[in-house]
Amino acid sequence: MEKRVALEKRGLPDDQITELILDNCRSTNIEGLTDSFTALEVLSLINVGLTSLKNFPKLPALRKLELSDNRISNGVSHLAGSPKLTHLNLSGNRIKDFDELKPLKELENLEVLDLFNNEVTATENYRDKIFELIPSLKYLDGFDREDTEAPSDEEDEANGGGDDDDEDVELDDSSDYDEEDDNDISLADVYNDNLEEDGSDWNEEDGEGDDDVDEPTDDEEHDGEGDSDGEAAGGEGAEEKASSDAEDAEARGKKRKLDGNDG
């Protein structure tokens, strides 16, 4: 067992080890485990061949201890140095006397205890006595006080994982809706801005057209001057013609008067 412990440590110091799996390493006693494993939370010693828990170290952080399929008949009092222990599996051992289990009452946080396939389970009122001995206990041999089966680890993970996934989906959907709303608002703003720009362009074009009509060009100014000159020239010509006609009439009158006198 000591060599297996050194192998499982993988070069890390004892106080940094949180989990040790020592299943099937053959030993009748605890070896290689010391009080220096202060951070150890999970320890598995399945089918090792242990006959006693003598020399079991004080593990203040230990929460789960697997000791199934050994030959343990006594010594559970050595587990008192692990006050945070919540899960203890002693199934498949050789515990016969109920008195051997009384030290477990010191484990005030123990919630799950498995003693299946031990002779002690055949004693009268076994379940009632164990639940009375350990008030914190929720499940004994896989069932609660009302004989309701305990959920498996897989079911717990599936249920917990499913709830988390649903929450994530709801959050994602909500965030998608928010993004869509933001996009709708931004598109509307852009559309309105374009309308305002188009309206201003139309107003500018109309203004430019009015300016073109109101303000005459240089050619039109020259044309106007030409018309004025023509009208002035026409008036002067008419006056000269009228004066000439008057002179001609006066000359013809004088001639007729002279002709009359001669006659």
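These legends describe close-up views of a predicted model.

**View 1. Overall fold of the predicted protein.** Four helices and six strands make up the secondary structure. Along the sequence, the elements run α-β-β-β-β-β-α-β-α-α. Of the 263 residues in the protein, 25% are buried.

View 2. Helix 2 spans residues 126-133. Tyr-126, Ile-130, Phe-131 and Leu-133 are its buried residues. They lie on the same side of helix 2, because they cover an arc of only 160° around the axis. Asp-128 and Glu-132 are exposed. These two residues sit on the face turned away from the buried side of helix 2.

View 3. The side chains of Asp-147 and Arg-127 form a salt bridge, with 3.7 Å from N to O. Arg-127 belongs to helix 2, while Asp-147 lies in the loop between strand 6 (139-140) and helix 3 (153-214), so the pair ties together parts that are 20 residues apart in sequence. Asp-147 is exposed, at 53% relative accessible area. Arg-127 is partly exposed, at 22% relative accessibility.

View 4. The structure contains five salt bridges. One of them joins Glu-8 to Arg-10, where the closest N and O atoms are 3.4 Å apart. Glu-8 has a relative accessible area of 19%. This value is under 20%, so Glu-8 counts as buried. Arg-10 is exposed, with 66% relative accessibility. A network of salt bridges links Arg-4, Glu-8 and Arg-10. Asp-14 and Lys-9 also meet through their side chains in a salt bridge, at 2.6 Å from N to O.

**View 5. A positive surface patch.** Four residues form this patch: Arg-26, Arg-71, Arg-94 and Lys-96. Lys-96 is placed in the loop between strand 4 (87-89) and strand 5 (112-114). The relative accessible area of Lys-96 is 54%, and the residue is exposed.

**View 6. Phe-56, a buried loop residue.** The loop between strand 2 (42-44) and strand 3 (64-66) holds Phe-56. Phe-56 has a relative accessibility of 6% and counts as buried. Asn-29 is 27 residues away from Phe-56 along the chain. The C-alpha atoms of Phe-56 and Asn-29 are separated by 8.8 Å.

**View 7. Asp-69, with a positive phi.** Most residues other than glycine have a negative phi. Asp-69 is not a glycine, yet its phi is positive, at about 60°. Asp-69 occupies the loop between strand 3 and strand 4. Its relative accessibility is 45%, which makes Asp-69 partly exposed.

**View 8. Asn-125, also with a positive phi.** Asn-125 is a residue other than glycine, and its phi is near 55°. The residue lies in the loop between strand 5 and helix 2. Asn-125 is partly exposed, and its relative accessible area is 46%.

How values were computed
Residues are numbered from 1 along each chain as its sequence is written. This is a predicted model: local features need pLDDT of at least 70, side-chain atom pairs count only at pLDDT 80 or more; totals for chains, interfaces and linings use all residues. Side-chain values use heavy atoms; hydrogens and water are left out. Patches are made of residues with over 30% relative accessible area and no salt bridge: like charges are joined within 9 Å, nonpolar side chains (Val, Leu, Ile, Met, Phe, Trp, Tyr) within 5 Å. Accessible areas come from the Shrake-Rupley method with a 1.4 Å probe; for residues, only the protein chains shown count as cover. Lys and Arg count as positive and Asp and Glu as negative; His and the chain ends are not counted. The place of a charge is taken as NZ of Lys, CZ of Arg, CG of Asp or CD of Glu. Buried means under 20% relative accessible area, exposed over 50%, partly exposed in between (1.4 Å probe, protein chains only). The arc is that of the directions from the helix axis to the C-beta atoms.
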